[in-house]
Amino acid sequence: MTKHLRFVALLLLPILASLSLAQVDPQLYGGLKWRSIGPYRGGRSVAIAGSTQRPKEYYFGATGGGVWKTTDGGENWFPAADAYLKTASIGAVAIAPSNPDIVVIGMGERDIRGNISEGDGVYKTSDGGKTWTHMGLAETKTISKIVIHPTNPDIIYVAALGPVYTHPGVPDSPARGVYKSTDGGQSWNKVLPGFARAGAVDLQMDPKNPNVLLAATWEAWRSPWALNSGGEGSHMFKSTDAGQTWTDLTRKPGLPSGIIGKIGMAISPVDPNRYWALVEALDGGLFLSDDAGATWKLVNDSRNWRQRAWYYTHVIADPKAKDTVYVLNVGAGKSTDAGKSFSGLNTEHGDNHDLWIAPDDPKRMAASDDGGGSVSVDGGQSWTAQTYPTGQIYHVNTDNAFPYRVLGAQQDNSTIRIPSRTQGGGITRTDWTSTAGAESGYVTPKPNDPDVVFGGNYGGDLSWLNHRTGQGRAVDPWPDNPMGHGAIDLVHRFQWTFPIVFSPHNPNKLYTCSQYVLATTNDGQTWKKISPDLTRNDPATLASSGGPITKDNTSVEYYGTVFAFGESPKREGVLWAGSDDGLVHVSQDGGKTWTNVTPRGMPKWGLVSSVEPSPHDAATCYLAVDNHENNDYAPYAYRTTDYGKTWTAINGLANDAPVRVIREDKRRKGLLYAGTETGAWVSFNGGASWQSLQLNLPVTPVHDLQWKDDDLVAATHGRGFWILDDVSPLQQLVPTVTAAKPVLFAPRDSYRVRWGSSPRGAGANPMSGVIVSYFLPSDANDVKLEFKDAEGKVVQTVASAPKGKGFQRTSAFLQYPSYKPTQGMIFWAAGPRPFTAPPGTYTVSLTVDGMKQEQKFRWLKDPRSTSTDKDAVEQFRFLRQIAARVEEANDAVLRVRSLRTALDKASTDLEGKPNAVAARGQIDALKGRLTLVEEAIYQTKNRSGQDPLNYPIRLNNKIAALMGVVASGDYRPTDQSYEVFDRLSKELAVELAKLNQLTKVELAAVNDELKKAGLTPIP
């Protein structure tokens, strides 16, 4: 039995029939909107560029977050190509030196860490980012550098690294090397081919002679369990004829003689004979040539500038000083003595990937790093802040606070706990905080105590934090630091993002996974292994990663692990485990025994990215399988309804976007949500068919989804967190709902809470009040929404509801009117404020051109309040009583004024009449007594807003001021509020009695005189 009346209504619909529903008309939900909540802090960027002609204009490319632009020198950034991109990760950005309106971007990340996204070629804008056009080279997957001719923007060079995951055993790609276009990107010619698993990683043009080019190729690839950087395909080339022919410089005198890895290059704008090369090799380092590459010398072999060379290795020549050079690594370095020594250049964030220096002003710089893009105008002493939502989030979780909070780990940053909505001005940095764990892990709050959070990190780190007390501790299941070791050396193989999952049946039972499933019931004090090794445990996939020059073991490459885990919400002890090497196991007895239930036909080495035990049926589970690290971009998803004995392949997702996650709606069986490498999808029939749920969500990898309180929460790997508020219309889309006629969707239960505004530069808040969703098959002439209480009385009417064709969504905060305002009256702290409708059941009706529909919903008090519904109802009753008394007082004042006006007219009319003097005397006396009553009720001397500080307020203002006291919060009124109201009411009653007496007796006497004089009595 659910508490939601809306869901009761849903039960009346033929939900089971929806399982055979092929497609839902997307018009029926097309107006739903995703909401970005931040965090407003940047994520990784490997490409940035500025303009010489427009010193305030820059572009940077986010990894998974698209391209961003600033026109005010980096103070504010905005996405510049969201409507045009088909993939989201930017590897290169170039602005045409001769025309800053021409910008070319290359897709795919060149610094090939374990969580990269590959791309789809080249995009170009010719109008400063207003519109973009895809210019081909989609097969290249990863573009490292773009160079545009200094005077002819039609000449463009592209360095393509090519597909990253064509490791041995996977067919290689011919789409590697250097490409050239002479028609602005309309067509391309490969001018420098790549090698086997080696593509172009850097490309430099001589600023003084555009026919001179340097290019570097790099033999690099990733497999699910290893990284390679270096080999026979790593070379450095030079062309002096605009790319027609090339000379191999790799073994020129002075350069390393052994295996070569990644190479970064630069040509001095001051001296065209000065070349720089930062070379990954056993005897590598920073090399200098002063004869245009004919001979070289090693000038710096510090490992500070060649550590983790595959992730960095970038060198930039100063445009004005020949001996000044910059290198990028974890830190950034600047040398003014031709590379012999370096001082640190403190960029805004660590892990530096690109640096652009204005050719005419070396103090003006733009840097991109693992925190995004930033600008300096003082040579790198200070940088603009990276306050935009391009964070790469690995997984998402929500807690049971109100409003619920969203938790996750951001790549190369902290974990984060951020409110889903606030009552302030947007969701800002003051609203969120770091929490347990670090950059790569799951973040999981306790179900029964949302202030206690468990979080993970690479290396098998697992910790908890109590936000109330600030206390926390490390509770690593196996605290043997693995750094630098291959997986084969480890007792427990904990992957980069190992699962941390609470049991839905026991809030004190927590699971985590290495190659085993482990559980604790005492907050990590003791961990118990509850499974055997659930992986293939193939030694060939467990060796130390990296090489052939340097190793790299961070746990990204740890393989043979349980990557995804879940327990059935319907039946305790039904456990599902999916490995990163292609196995699925189930236990139906809490881990005592396990059965291999891997689907037939599933890719052998496919990574089980998520398991989703159905919230409706213990035998049902959904799998998302990601095989892109084997150069296979097909979406693999499966469903079982018999504990894994048989599986059905789930089809219909985009063919070139691996699926990362599948979740099932907790209210409607078979309503599924999926996150893929490029966006979000929905299925209304258990996965038999799918359709886009992208809506306004930018193209970005959706790594995780969570269903929470009828909201869908997404962790994107490049654009932070997004929320699709109130998916209840999706729950109601069954075969009987069509786009042929208007549809009023049943609102979900709504809270008497006002959420804040959403200023630019902050996470957005949702609508306040009851959210009303409806569909119009065509433009309507008249649309009216009306809200009634349980007694059928109209609470509120929205006569200006949206009338346009399609899905519409609006909101109303249910309020009853206060006392009627009286023109000219000045009140202190007592305006005619409306008051919130009390908790209860209400009805909303939608009338479209005379056709009416109705739905019920519940209006709930703030769950954070300690008061009861009864208290809130009494508060409402008392507020209405106060408002009625204020209106009574104001009406008395108006009655006095009306009588005085009538008496003034009668006094004038009496002139020249017999006995006029006596009658006018009676009138003047009555006016005086009426004025005394008026002044007792209202302070007539007030003429401006601050006058009440000089002239004491009277009864109507005092009574009205009680409304502000009583309306605060949603509590039962204080005892003293009743006392003050009773006292003021009695005082008012005295004045009202006086007024009644004056109108009954003295006004009657005046009317008698008026009749004698032949005048009309005053009513």
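Thr-250 sits in the loop between strand S18 (247-248) and strand S19 (263-267). The model is a predicted one, and in it Thr-250 comes out as buried, with a relative accessible area of 7%. Leaving aside residues up to four places away in sequence, Thr-250 touches Ser-234, His-235, Met-236, Leu-255, Pro-256 and Ile-260. With one of these, His-235, there is a polar contact between side chains, at 3.3 Å. Another polar contact, at 2.4 Å, joins the side chain of Thr-250 to that of Asp-248. Gly-73 is 177 residues from Thr-250 along the chain, and the C-alpha atoms of the two are separated by 39 Å.

Stepping back to the whole chain, the protein has 1019 residues, and 62% of them count as buried. Its C-alpha atoms fill a box of roughly 130 × 70 × 55 Å, taken along the principal axes. Six helices and 65 strands were found in the protein. As for how the chain meets itself, take the contacts between residues at least 6 apart in sequence: 58% of these join residues at least 24 apart.

One piece of the strand content is an open sheet of four strands, put together in the order S2-S3-S4-S5 with antiparallel pairing. Its edges are strand S2 (45-50) and strand S5 (78-79), each of which pairs on one side only. Elsewhere in the sheet, strand S3 (residues 58-62) and strand S4 (residues 66-70) run antiparallel and are joined by five bridges. Across this pairing, Tyr-59 stands opposite Lys-69 in S4.

S2 turns up again in the lining of the second largest pocket, where it is among the elements giving two or more residues. This pocket holds about 1,200 Å³ of space. Its lining is made of 50 residues, and those nearest the centre are Lys-145, Gln-204, Trp-356, Ile-357 and Pro-359. Besides S2, the elements with two or more residues in the lining are strand S6 (90-95), strand S10 (143-148), strand S14 (198-206), S19, strand S23 (314-317) and strand S27 (352-358). S14 gives the most, with six residues.

Next come the charged side chains. Side chains of opposite charge can pair when their charged atoms come close. In this model the count comes to 47 salt bridges. One of them pairs Asp-111 with Arg-110, with the closest N and O atoms 3.7 Å apart. Are these two buried or exposed? Asp-111 counts as buried because its relative accessibility is 0%, and buried means under 20%. Arg-110, at 4%, is buried too.

Asp-725 and Arg-421 form another salt bridge, with 3.5 Å between the closest N and O atoms. This pair links distant parts of the chain, as the partners are 304 residues apart: Asp-725 is in the loop between strand S55 (721-724) and helix H2 (728-731), while Arg-421 is in the loop between strand S32 (415-419) and strand S33 (443-446). Both Asp-725 and Arg-421 are buried.

A further salt bridge is formed by Arg-748 and Asp-726, whose closest N and O atoms are 3.9 Å apart. Arg-748 lies in the loop between strand S56 (743-744) and strand S57 (750-751), and Asp-726 in the loop between S55 and H2, so this pair ties together parts that are 22 residues apart in sequence. Arg-748 and Asp-726 are both buried. What do these residues belong to, beyond their own pairs? Arg-421, Asp-725, Asp-726 and Arg-748 are linked with Arg-35, Asp-711 and Arg-809 in a network of salt bridges.

With a relative accessibility of 5%, Ser-867 counts as buried. Its side chain makes a polar contact of 2.8 Å with the side chain of Ser-865. A polar atom of the Ser-867 side chain also lies 2.8 Å from the backbone oxygen of Asp-970. Asp-970 is one of the residues that Ser-867 touches, along with Lys-861 and Tyr-971, when residues up to four places away in sequence are not counted.

Conventions. Residues are numbered from 1 along each chain as its sequence is written. This is a predicted model: local features need pLDDT of at least 70, side-chain atom pairs count only at pLDDT 80 or more; totals for chains, interfaces and linings use all residues. Side-chain values use heavy atoms; hydrogens and water are left out. Two strands pair if DSSP finds at least two bridges between them. A salt bridge is a side-chain nitrogen of Lys or Arg within 4 Å of a carboxyl oxygen of Asp or Glu. Buried means under 20% relative accessible area, exposed over 50%, partly exposed in between (1.4 Å probe, protein chains only). Contact means heavy atoms within 4.5 Å. A polar contact is a pair of N or O atoms within 3.5 Å; within protein, one must be able to donate a hydrogen and the other to accept it, and residues adjacent in sequence count only if both atoms are side-chain atoms. On a 1 Å grid over the protein atoms alone, a cavity is a set of points where a 1.4 Å probe fits but cannot get out, and a pocket is an open set with protein on both sides within 12 Å along at least five of seven lines; lining residues have an atom within 4 Å of a point. Grid points are joined across faces, edges and corners, and a volume is the space filled by probe spheres set on the points.
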